[in-house]
Amino acid sequence: MKLEMKTGGHAAPPPAETVGPRRSESSKAARVAEVIGDLPPMPHIAAQVIEKLSDENSTPKQIHQIIMQDQALAGRVLKVANSPYYGASRSISTVRDALMFMGFDAIRSLIMTAVLKGMSINVGLAEKLLWEHAVGCGLAARKIGEEVGFARKEEAYLAGLMHDFGKTALFLRAPSVMRDIMQEVYNDGMDFFDVEQRKLGFTHADVGGIIADNWRFSKDIEYAIADHHQPVEPGATGELTQIISLANSICHKLGVGPTRKPDLDLNGTQTAKMLGLSPASIEKILLAVSQAIEER
Ligand SMILES: [Fe+2]
Ligand SMILES: [Fe+2]
């Protein structure tokens with residue numbers, strides 16, 4: 001199945017199951033713009049690749065030509081493709097091989113992973129933890145997707161990968177504000193989301209949702225990112241939102257990233273219940289994710 005991603009013109013109306021009241025109204029976007037200015041655009045070459053991947057008439061050769069214009073991106077694509085953490089099933093020695101052996105949906109995930117990795121390199125100390133958390137969540141979301149029969153597995157990976165990208169954007173655009181927030185989070189054991197809400201009037205989830213919209217990701221991905229901390233509130237009823245929220249909790253439980261909650265009862269979470277996951281299924285997902293993380 002083709003990953004839904006808008007490639008031009010105005011956004012198509014979201015599918016019926018995702019229509020509902022939204023929290024990230026335009027006033028929130030205005031407040032975000034006021035505090036942190038312009039949000040990061042998708043890098044130019046990456047945008048070209050993504051657009052080509054959405055065109056059914058594109059050939060691997062055309063996509064290869066675009067990627068090779070950006071040697072740094074090409075290098076990261078190869079590195080990511082061969083990282084066990086990313087979860088590719090075979091070793092990839094050239095970008096051409098990656099394009100030959102992977103489907104377009106998987107290539108899109110790979111390119112986005114390489115793009116976000118490139119954008120995350122200047123966020124300082126928190127960078128490594130945030131990056132591990134992003135990839136861990138992508139992986140967990142893909143596994144949950146397999147377990148619940150969610151057909152768009154690469155979309156689940158991509159939403160998991162990007163769910164906290166708002167934090168990276170905040171680090172890049174408003175580093176001193178973020179340092180204050182981090183300090184409160186770590187010194188007082190507060191939740192990021194709550195401190196952001198109080199200090200800024202919006203959260204990294206709002207910022208991530210706006211970026212997903214700017215980058216023309218599908219509405220399902222945008223909502224999953226924007227609502228990953230409030231997956232069961234009215235308006236946040238999409239299955240992908242629940243998958244991402246649970247993937248996030250799984251990473252917290254396993255200590256993948258800055259937040260560690262080893263005592264978290266995953267079977268007691270609303271999302272596990274709403275997704276209909278049994279304790280055995282949760283155990284299976286936890287095992288698969290922790291194995292992938294150990295291999296990295
Ligand atoms: Fe988050
Ligand atoms: Fe997260």
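**Close-up views of a predicted all-chain model**

**Figure 1. Overview of the chain and its contacts.** Of the contacts in the chain with a separation of 6 or more, 65% join residues 24 or more positions apart. The model is predicted. The chain contains 16 helices and 0 strands. Its length is 296 residues, of which 43% count as buried.

**Figure 2. Confidence along the chain.** The mean pLDDT of the chain is 84, and 86% of its residues reach 70 or more. In the chain, helix α14 (residues 239-254) has the highest confidence, at 96, while helix α5 (residues 95-101) has the lowest, at a mean of 84. Over residues 1-21 the pLDDT falls below 50. This stretch still has 31 contacts in the model beyond near neighbours in sequence. Where pLDDT is low, the predicted coordinates should not be read in detail.

**Figure 3. The pairing of helices α2 and α6.** Two packed helices are described by the angle between their axes and the distance between the axes. Here the axes of helix α2 (residues 44-53) and helix α6 (residues 104-119) come within 10 Å and cross at roughly 170°. Angles over 145 degrees count as roughly antiparallel, and α2 and α6 are therefore roughly antiparallel to each other. On the α2 side the contact is made by Ala46, Val49, Ile50 and Leu53. On the α6 side it is made by Phe104, Ile107, Arg108, Ile111 and Val115. The residues of this contact divide into 8 nonpolar, no polar and 1 charged.

**Figure 4. The largest nonpolar core.** This core has 74 residues. Those with the most contacts inside it are Val77, Ile111, Ala140, Ala141, Ala159 and Ala247. Helix α7 gives the most to the core, with 9 residues. Ile111 also takes part in the contact of α6 with α2. Leaving aside neighbours within four places in sequence, Ala140 is in contact with Gly160, Ala247, Ile250, Cys251, Ile285 and Val289. Ala247, one of these partners, is itself among the core residues with the most contacts.

**Figure 5. Val135 in helix α7.** Val135 lies in helix α7, which spans residues 127-148. With 26 C-beta neighbours inside 10 Å, Val135 counts as buried, because the cut-off for a buried residue is 20 or more. Val135 and Ile293 are 158 residues apart in sequence, and their C-alpha atoms are 9.4 Å apart in space.

**Figure 6. Helix α9 and what covers it.** Helix α9 (residues 165-173) is mostly covered, with 7 of its 9 residues buried. The buried residues are Phe165, Gly166, Lys167, Thr168, Ala169, Leu170 and Phe171. What covers them includes α1 (26-36), α6, α7 (127-148), α8 (153-162), α10 (175-188) and α12.

**Figure 7. Helix α13, enclosed by the rest of the structure.** In α13, 8 of the 8 residues are buried, so this helix is largely enclosed by the rest of the structure. The buried residues are Lys219, Asp220, Ile221, Glu222, Tyr223, Ala224, Ile225 and Ala226. Among the elements that cover them are α8, α12 and α14.

Figure 8. Arg216 is placed in the loop between α12 (204-214) and α13 (219-226). Although Arg216 is not a glycine, it has a positive phi of about 65°. Arg216 counts as partly exposed, with 18 C-beta neighbours inside 10 Å.

**Figure 9. Asn267 in the loop between α14 and α15.** Asn267 has its place in the loop between α14 and α15. This residue is partly exposed, with 13 other C-beta atoms within 10 Å. Not counting residues up to four places away in sequence, Asn267 touches Ala272, Pro279 and Ile282. The C-alpha atoms of Asn267 and Ser278 are separated by 7.6 Å, and the two residues are 11 residues apart along the chain.

**Figure 10. Thr271 in helix α15.** Thr271 is found in helix α15 (residues 270-274). Thr271 is buried, with 21 other C-beta atoms within 10 Å. Leaving aside its neighbours within four places in sequence, Thr271 is in contact with Pro231, Gln242, Ser245 and Leu246. Thr271 and Ile244 are 27 residues apart along the chain, with their C-alpha atoms separated by 9.3 Å.

Technical notes
Residues are numbered from 1 along each chain as its sequence is written. Chains are lettered from A and ligands numbered from 1 in the order in which they are written. This is a predicted model: local features need pLDDT of at least 70, side-chain atom pairs count only at pLDDT 80 or more; totals for chains, interfaces and linings use all residues. Axes are lines fitted to C-alpha atoms, for helices over the stretch in contact, and angles run from 0 to 180 degrees between N-to-C directions. Helices (H or I, at least four residues) and strands (E, at least two) are DSSP runs, numbered from the N terminus. Angles under 35 degrees count as roughly parallel, over 145 as roughly antiparallel, 65 to 115 as roughly perpendicular and the rest as oblique. Two residues are in contact if their C-beta atoms, placed from the backbone, lie within 7 Å. Ala, Val, Leu, Ile, Met, Phe, Trp, Tyr, Cys and Pro count as nonpolar, Asp, Glu, Lys and Arg as charged, and the others, Gly among them, as polar. A residue is buried if 20 or more other C-beta atoms lie within 10 Å of its own, exposed if 12 or fewer, and partly exposed in between; C-beta atoms are placed from the backbone. pLDDT is the predictor's confidence in each residue, from 0 to 100. A nonpolar core is a set of buried Ala, Val, Leu, Ile, Met, Phe, Trp, Tyr and Cys residues joined through C-beta atoms within 7 Å.
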